[in-house]
Amino acid sequence: MYQVKIIDNFDLSTVDDHLLTASETASPDVILVRSSQVPDRLITPRLLLIARSGIGTNTINLAASTTNGTAVFNTPGANANAVKELIIQCLFQAVRPLSQAIRETAKLTADPLQPAAEQQRQAFIGSELYGKTIGIIGLGTIGQRLADTCYHLGLQVVGYNRSPKNLQHVRQVANIAEVLTQADFVVLLLPLTTETSRIIDGPKLALMRPSATLLNFGRGELVDNSAVVQAVQDRRLKAYITDFPHRDLQNIPHIWQLPHLGGNTREALSHSTNLTFQNTQDFLTAGTVRASVNFPTADLPFASPDRLTLFFKDRPGFWAEVDSLLTQNHIPVEEMVVNTRDSVGYILMNTTLSLAQRQHWTTLRQALMAVSGMIRVRLLANASAPFSPSI
Ligand SMILES: NC(=O)C1=CN([C@@H]2O[C@H](COP(=O)(O)OP(=O)(O)OC[C@H]3O[C@@H](n4cnc5c(N)ncnc54)[C@H](O)[C@@H]3O)[C@@H](O)[C@H]2O)C=CC1
Ligand SMILES: O=C(O)CCC(=O)C(=O)O
């Protein structure tokens, strides 16, 4: 049974109850997390995986996880529609003061009500999105969906992504500055990395039209808060809408703060949680990696009694050494997949161990761990074979 540290809310009742148990141990096997910070102290040698329900992994120390041989998973696309719909809602709210109109109408006491309400309409004249230009910075899953919907609403779509995408309805430009100068609405949908931190600073804001609105649904740290406050207060930027509240932005006219609502729909939460559990279960039982941000992808039918998984720093000659060690120890390689990513590699290897080999597994594991570059070795038992729990 794997010990699971649950950060944020997860209900384990739908997961195989022989696999996971919630625990407050200081050295869990598994961490389940939503948006909260994962403390570095939990990344101990025992930690096999961190499963993030959601896409952004900026609250997880990826370098430390990789060095530790801890796979970090996320749930690509699971909340993309929810984020897109909220952005569309914000765009409409930015051009038509709907909530203000509802609030003011509710205050009226006149009878008949309608003529009195209509008297107020002058205060709620809006404008239309049709024909305006939206600039999308970060054309990943959410950015692409947003681009598509905006196009169908009649907006012109300008976009920028680090690596250009093959997209029908987006005029892709060479840099962020070109988006900022052309758009009536600029939407940030970038991950937070060292490269993107404060990517929208004072000089970049100065490129925006005074009539433009900036919407940040990527991460708060993408924007220099003091520069955006200054731009809004100086009327060099019409408004700033952010999904990442900060004290420095509190109660400032034309700055709207949402409590990180992008993925906060029943559907998105259910998709994300299901995928999180799937990622966790597949990795624990079979070593399968589908949606990891630091492990190479690897999937292989578990058609053998046993399986070895090897995670290693990629280097020439690594496999030759492992292979010779396996041969010396009479461990058959029945089927295998190997994949590399950045500077690490991952192997799934189907095998059949004799009873004696299983009994001496600790010794063999030590020998494999001694191969230069090896980071983590696991032996998994096929659930349908009569063997003790995975190590
Ligand atoms: N507000 C919310 O509740 C949510 C916020 N997010 C945020 O939105 C981000 C995007 O989400 P997805 O579209 O699902 O992710 P994604 O990974 O599909 O898209 C990110 C895109 O940004 C591009 N990119 C990365 N670095 C770049 C750079 N320096 N310059 C230009 N482009 C760059 C990538 O090439 C990729 O196309 C997430 O990383 C997360 O921070 C995601 C989901 C919910
Ligand atoms: O709603 C959440 O917990 C996370 C949304 C988010 O920011 C993400 O998926 O990156």
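Me: What makes H5 stand out in the shell around ligand 1?

Reply: H5 gives three residues, the largest share of that shell. Helices here are DSSP runs of H or I with at least four residues, strands are runs of E with at least two, and both are numbered from the N terminus. This is a predicted model, where local features need pLDDT of at least 70, side-chain atom pairs count only at pLDDT 80 or more, and totals for chains, interfaces and linings use all residues. Residues are numbered from 1 along each chain as its sequence is written, while chains are lettered from A and ligands numbered from 1 in the order in which they are written.

Me: Why is Leu 269 called partly exposed?

Reply: Leu 269 has 18 other C-beta atoms within 10 Å. A residue is buried at 20 or more, exposed at 12 or fewer, and partly exposed in between, with C-beta atoms placed from the backbone. Leu 269 is therefore partly exposed. Leu 269 is found in helix H9 (residues 266-286).

Me: Which residues does Ile 87 touch?

Reply: Leu 146, Val 187, Leu 215 and Phe 217, leaving out residues up to four places away in sequence. Contact means that the C-beta atoms, placed from the backbone, lie within 7 Å.

Technical notes. Contact = placed C-beta atoms within 7 Å.
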